[in-house]
There are 2 protein chains.
Amino acid sequence: MKLALLGCGTVGSEVVRLMRTRGEELATRVGEPVEIAGIAVRRLNRDRSHLPIDDSVFTTDALGLIKREDVDIVVEVAGGIEPARSWITTALGEGKSVVTANKALLAEDMPALAAAAKSGGADLYYEAAAAAAIPLMRPLRESLHGDTINRVLGIVNGTTNYICTQMSQTGATFAEALAEATDLGYAEADPSADIDGYDAAAKAALIASLAFHTHVDLADVHREGITRVSPADIASAAAAGRVVKPLCIATREEDGVSVRVHPAMIPATHPLANVNGAYNAVFVEAESAGRLMFYGAGAGGTETASAVLGDIVAVARNKRGGITAFPPEAAYSDVPVKPIGKARTRYHVSLDVVDEPGVLARVAATFAHHGVSLATVHQSGRGEDAQLVVVTHIAADRQLSDTVEELSQLALVHQVTSVMRVEGE
Amino acid sequence: MKLALLGCGTVGSEVVRLMRTRGEELATRVGEPVEIAGIAVRRLNRDRSHLPIDDSVFTTDALGLIKREDVDIVVEVAGGIEPARSWITTALGEGKSVVTANKALLAEDMPALAAAAKSGGADLYYEAAAAAAIPLMRPLRESLHGDTINRVLGIVNGTTNYICTQMSQTGATFAEALAEATDLGYAEADPSADIDGYDAAAKAALIASLAFHTHVDLADVHREGITRVSPADIASAAAAGRVVKPLCIATREEDGVSVRVHPAMIPATHPLANVNGAYNAVFVEAESAGRLMFYGAGAGGTETASAVLGDIVAVARNKRGGITAFPPEAAYSDVPVKPIGKARTRYHVSLDVVDEPGVLARVAATFAHHGVSLATVHQSGRGEDAQLVVVTHIAADRQLSDTVEELSQLALVHQVTSVMRVEGE
């Protein structure tokens with residue numbers, strides 16, 4: 001059994017190393033040895049002497065490597081949309097199974113890739129694409145397919161979880177926590193993919209597609225980054241027994257599914273509340289299975305390579321058995337994805353208000369005017385001002401955001417100090 | 001596709017109900033409808049009119065049902081060793097794939113059952129056998145098979161976790177917490193299987209076999225129940241920033257694997273420390289994947305039925321594809337299981353001692369005499385006595401238990417108030 005490795009960066013190098021150190025065990029698990037036939041790289045002139053593999057396997061001709069007759073499996077860890085898409089499509093077209101960690105491509109183009117896998121009679125596995133080594137895709141694709149999933153709440157980006165954890169535990173501002181994350185190598189030089197939520201949104205699309213058996217596109221995911229999370233938000237959450245987490249939220253509702261990525265407050269007693277630092281976790285609510293959680297490292301070369309290796313063993317075994325296993329996506333439900341305005345959420349709103357009679361009544365009337373009912377209201381003196389912290393009942397997100405918009409224009413409201421959705425209650 | 005259901009108790013009834021309510025979805029996932037051909041029960045004269053299935057499917061002739069030509073899959077949820085063993089062996093011998101939740105049987109007889117599956121060319125799936133709906137068997141069997149697992153720490157029995165949680169949170173004694181668990185239906189009338197660790201030991205054998213690719217028998221598992229956990233243990237743990245949990249611990253060491261089930265102290269910051277009430281969780285340390293945790297309901301009819309349904313879909317899909325998937329056990333490593341005396345552990349020991357000079361030196365010398373070195377010692381006055389709390393470094397369990405034995409006989413030691421292993425640090 002031979003594989004073509006496309007890309008030899010952090011993850012690719014780890015795959016090479018693990019295939020060497022675990023070669024014997026892999027052979028036992030697959031039933032025959034699995035060898036690296038070739039590795040496609042962008043430039044041949046980099047020093048790769050630290051890798052336990054002969055220099056002759058490197059090539060810049062990825063397509064030629066994919067099409068080589070002795071290649072059975074293609075492992076794509078190069079990332080990006082092109083040329084990864086052409087490579088994967090070519091491989092599947094040749095009936096060669098593909099293992100990939102490319103969340104961006106999968107979230108953008110799953111239907112076409114799934115169709116290519118089907119017509120080529122090949123497997124497309126991608127356990128490493130979301131939450132790295134945490135077995136998540138396979139439980140969603142296979143273990144829970146006798147059940148109905150109603151909600152997924154996940155912390156699927158380690159960089160932003162590290163930042164929120166630091167802000168909560170040390171009182172740091174967003175900028176300070178980001179600088180620390182950059183120093184530690186958790187955040188990249190251009191942190192936008194993480195802090196603006198693009199990375200999490202791609203994972204949310206994959207997770208929601210599998211959980212609800214429908215196709216959710218990257219463009220369907222409502223995305224808000226964590227750049228506006230303030231120490232005031234963190235403090236207001238803590239005072240109410242909650243913590244701020246960067247969440248991906250996918251829910252099945254009567255009229256469709258809602259998939260969104262944004263910071264939110266969750267109760268300090270929620271299992272996700274203790275998932276700190278760069279760790280990831282995905283919390284699943286299924287009709288029969290109840291509440292499940294999957295926890296682990298959500299990034300890292302070795303961790304991602306572990307998931308890639310698990311997939312390599314699986315597709316190699318399938319290949320030997322002459323079968324393909326589960327389709328990459330089973331979008332038979334075809335339920336609509338709702339816009340964020342129609343998503344059903346709860347808001348936590350902190351307001352600095354004038355401390356005089358009637359303020360609370362005026363604020364409450366503004367919520368009522370938009371059809372939003374209140375769960376709790378706390379009022380506390382603050383020198384000449386007062387602070388109001390309001391938590392609403394569930395309402396359409398649009399009703400809530402319209403209310404906040406109107407509140408911010410009231411003369412007796414000095415400032416809206418914190419607005420955040422509340423989840424997991 | 002037709003299945004025979006063996007047993008119609010709590011789990012079996014839920015399987016019937018779910019197959020009816022989710023029939024259409026199951027058919028989509030499998031690729032054809034899956035029907036219940038018959039249900040084997042012990043007595044026909046019980047009222048089963050609440051079940052959404054025709055009375056005519058019930059039979060007392062399990063073997064006849066299994067052998068019926070139109071039956072493709074056999075689902076065993078009757079429990080117990082016999083006749084479950086004969087039923088499963090017969091089914092596998094006929095080439096019919098089996099889904100079972102029978103941990104006791106699997107832990108006792110896996111090699112024979114795996115051989116029967118292999119020679120019959122049939123699947124044997126058992127996701128529901130450990131930790132109910134938590135996808136655990138499949139990740140261990142499949143997702144992590146490119147990795148090397150070094151340690152598994154699990155809370156795999158909901159009854160004993162509920163009892164330990166109550167003792168920690170309310171100060172209840174073991175007897176009081178057990179009485180509460182019985183009232184709530186968490187503990188059975190005869191609670192021995194739970195509180196003496198038999199249930200957890202069977203699950204530990206299954207988990208260790210899969211994690212280390214070797215065969216671990218129920219008899220290989222060192223088993224201690226939670227009946228001797230005292231409020232003094234709980235208090236001593238809390239004072240040291242730890243909590244007491246009923247653990248299953250499987251470790252890979254240089255000279256073999258160690259598999260044991262006993263109450264232990266873990267740091268309050270360990271992810272398992274917050275797994276409370278009847279919830280279960282399994283914490284896995286893998287070489288590349290790092291630290292992973294799987295969390296969810298570890299028992300319950302609906303939760304167990306969810307796992308059974310997931311397996312039904314999987315074996316039905318395999319059957320349609322004309323393949324069998326993973327072997328039920330892949331014991332190719334064949335590493336020895338070490339006796340408890342040779343397991344490497346740490347002890348937390350609380351002693352009531354005479355409050356006079358030289359006591360600490362005498363106690364420390366006793367540890368040293370057995371080659372055990374100390375990590376921390378805390379001494380505090382207690383009226384005329386003093387309390388010593390000692391936490392050791394890692395040593396062979398035998399060295400530690402011998403030390404405690406000798407300590408308890410020292411004249412200056414009034415009482416050994418708490419002895420417990422420390423894990424997860």
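**Reading helices, sheets and a chain contact**

A: Let's start with a pair of helices: α5(A) passes α10(A) in a left-handed crossing, a term used when the near helix is turned anticlockwise from the far one by less than a right angle (clockwise would be right-handed). Helices (H or I, at least four residues) and strands (E, at least two) are DSSP runs, numbered from the N terminus. This is a predicted model, where local features need pLDDT of at least 70 and side-chain atom pairs count only at pLDDT 80 or more, while totals for chains, interfaces and linings use all residues. Residues are numbered from 1 along each chain as its sequence is written, with chains lettered from A and ligands numbered from 1 in the order in which they are written.

Q: At what angle do α5 (residues 103-120) and α10 (residues 198-212) of chain A pack?

A: Axes are lines fitted to C-alpha atoms, for helices over the stretch in contact, and angles run from 0 to 180 degrees between N-to-C directions. Here the angle is about 55°, and the axes lie 8 Å apart. That makes α5(A) oblique to α10(A), since angles under 35 degrees count as roughly parallel, over 145 as roughly antiparallel, 65 to 115 as roughly perpendicular and the rest as oblique.

Q: Which residues of α5(A) and α10(A) meet?

A: Two residues are in contact if their C-beta atoms, placed from the backbone, lie within 7 Å. From α5(A) come A:Lys103, A:Ala104, A:Leu106, A:Ala107 and A:Met110, and they meet A:Ala202, A:Lys203, A:Ala205, A:Leu206 and A:Ser209 of α10(A).

Q: In what order do the six strands of the open sheet in chain A lie?

A: Two strands pair if DSSP finds at least two bridges between them. The order is β3-β2-β1-β4-β5-β6, with parallel pairing. At the edges, β3 (58-59) and β6 (124-125) of chain A each pair on one side only. Inside the sheet, β1 (residues 2-6) and β4 (residues 73-76) of chain A run parallel, joined by four bridges; A:Ala4 has A:Val74 of β4(A) as its bridge partner.

Q: How many residues does each chain give to the contact?

A: Chain A and chain B give 43 residues each. On the side of chain A, α12(A) brings the largest share, 10 residues. Strands take part in pairing too: β12(A) and β12 (residues 290-297) of chain B are antiparallel over three bridges, and A:Tyr295 has B:Met293 as its bridge partner.

Q: Is B:Ala181 buried or exposed?

A: A residue is buried if 20 or more other C-beta atoms lie within 10 Å of its own, exposed if 12 or fewer, and partly exposed in between; the C-beta atoms are placed from the backbone. B:Ala181 has 24 such neighbours, so B:Ala181 counts as buried. This residue sits in helix α8 (residues 174-183) of chain B.
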